[in-house]
Amino acid sequence: MSAQATWISELPEMNHNASFEVEDATPGRVALDSDELRSSEFPRIIGKSAALRRVLEMVRVVGPTDATVLINGETGTGKELIAEAIHKCSDRSNGPLVKVNCSAIPAGLLESELFGHERGAFTGAVARGIGRFERAHRGALFLDEIGDLPLELQPKILRVIQERQFERLGGGATIHTDVRVICATHRNLVEMVNEREFRADLFYRLSVFPIELPPLRERPEDIRLLVHHFAMDYAARMRKPIAAIAEEFMAALARHSWPGNVRELQNFIERSVILSTGAVLNGSLPELTHTTHDGSKRPVTLEQAESSHILQTLLQTEGVVGGQNGAAARLGLPRTTLISKMRRLGINPFQRSSARARTAESSAA
């Protein structure tokens, strides 16, 4: 156990009225109150960095309006939380916030999901189906991963945003709806417009008020607060007797770039809590360092880090490279670019067992 530790108090009361103390070699202790973790206005958003505060200020400005908002950010930066905060700040907060992940629904079913369908509109439509736009009436509709919206559906989305009306699939009656649209994507829509993969008129309509979410590496001062929050949360859920976080472990977490952003950090802390057996949360980050023959540690090379990240993503997609849910889309790369990188790094997407073995070797190194 490290001589230094970050202490957590008031477990297992989850995260309410939490306070933390940092103990070091000096006699004094520094207390961090819960106001530094979150604001009462946005209780699920953790951080105090200037970058995050700028985003929240934009949320406060645009929230009370009915403007369409486009949230841009890397995977795992918390785009859905920002959408929820915008809705909470709006006059529509008493109405529903209906969410649709455009990349998670097959293209053939997405039109029905969004606009609904009449009985007999297609094989298996034995009853009328109410779409998400209709359910979100007098509320807001959150279209996550809007960059994966099929081209053939984009004119219909543009029409319902501009004219506030649509027809169910297989129906002739025009339905009027009062919906605020909030969108999010990790993809570069400007490049997609230039490559004719996304309609320019829809892009300009969606980006009335763009908000760019900073990746976690651009707000490193928030990492410690996030680690505290996740550690307390999972320790309480799993009834683990964790009362402190080893300072050496915390420092390693703070140094990491976290390419998967807050989601990656959250998953790592959950795994660390599961493996924890004592009162002090400790662990290692084998993907950050490699041990040399003399027992010392050195940072991984950029190529090693890139290879490890690609392998982990391939494991998540079970070796699938292309497509809406493939590794290329998750990494924000064109499929051809990812294939070129994999060839250069000697990665074979079709040998999933090999990928697992190589990831294990990287972790054990």
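Q: What is the accessible surface of the protein chain, and what percentage belongs to carbon and sulfur atoms?
A: The accessible surface comes to about 18600 Å², of which 50% belongs to carbon and sulfur atoms, and such areas are computed by the Shrake-Rupley method with a 1.4 Å probe, with only the protein chains shown counting as cover for residues. This is a predicted model, in which local features need pLDDT of at least 70 and side-chain atom pairs count only at pLDDT 80 or more, whereas totals for chains, interfaces and linings use all residues. Residues are numbered from 1 along each chain as its sequence is written, and side-chain values use heavy atoms, with hydrogens and water left out.

Q: How many helices and strands does the protein chain have?
A: The protein chain has 14 helices and 14 strands, where a helix is a DSSP run of H or I with at least four residues and a strand is a run of E with at least two, numbered from the N terminus.

Q: Why does Trp258 count as buried?
A: Buried means under 20% relative accessible area, exposed means over 50%, and partly exposed is in between (1.4 Å probe, protein chains only). Trp258 has 0% relative accessibility, and therefore it counts as buried. Trp258 lies in the loop between helix H9 (247-255) and H10, and it has a positive phi of about 50° although it is not a glycine. In the protein chain as a whole, buried residues make up 45% of the 365 residues.

Q: What makes Arg164 partly exposed?
A: The relative accessible area of Arg164 is 33%, a value that falls between the limits for buried and exposed, so Arg164 is called partly exposed. Arg164 is placed in the loop between helix H5 (154-163) and strand S7 (165-167), and its phi is positive, about 55°, although Arg164 is not a glycine.

Q: How do you know that H3 and H5 are roughly parallel to each other?
A: Helix H3 (residues 107-115) and H5 pack at an angle of about 10°, with their axes 11 Å apart. The axes are lines fitted to C-alpha atoms, for helices over the stretch in contact, and the angles run from 0 to 180 degrees between N-to-C directions. Angles under 35 degrees count as roughly parallel, over 145 as roughly antiparallel, 65 to 115 as roughly perpendicular and the rest as oblique, and H3 and H5 are therefore roughly parallel to each other.

Q: Which residues make the contact of H3 with H5, and what are their classes?
A: The contact, which means heavy atoms within 4.5 Å, is made by Glu111, Leu114 and Phe115 of H3 and by Lys156, Ile157 and Val160 of H5. By class, there are four nonpolar, no polar and two charged residues in this contact, where Ala, Val, Leu, Ile, Met, Phe, Trp, Tyr, Cys and Pro count as nonpolar, Asp, Glu, Lys and Arg as charged, and the others, Gly among them, as polar. The buried residues in H3 are Leu110, Glu111, Ser112, Leu114 and Phe115, and what covers them includes strand S5 (97-101), helix H4 (132-135), S6, H5 and S7. Just after H3, Gly116 takes a positive phi of about 80°.

Q: What joins the side chains of Asp148 and Arg187?
A: The side chains are joined by a polar contact of 2.8 Å. A polar contact is a pair of N or O atoms within 3.5 Å, and within protein one must be able to donate a hydrogen and the other to accept it, while residues adjacent in sequence count only if both atoms are side-chain atoms. Asp148 lies in the loop between strand S6 (139-144) and H5, and at 7% relative accessibility Asp148 counts as buried. Leaving aside neighbours within four places in sequence, Asp148 is in contact with Cys102, Ser103, Arg187 and Gln324.

Q: Why is Ser90 called buried?
A: Ser90 is called buried because its relative accessible area is 7%. Ser90 lies in the loop between helix H2 (79-88) and S5, where its side chain reaches the backbone oxygen of His87 at 2.8 Å, and a polar atom of that side chain lies 3.1 Å from the backbone nitrogen of Arg92.

Q: What makes Gln266 count as partly exposed?
A: Gln266 counts as partly exposed because its relative accessibility is 28%. The place of Gln266 is in helix H10 (residues 261-275), and, leaving aside neighbours within four places in sequence, Gln266 is in contact with Phe230 and Tyr234.
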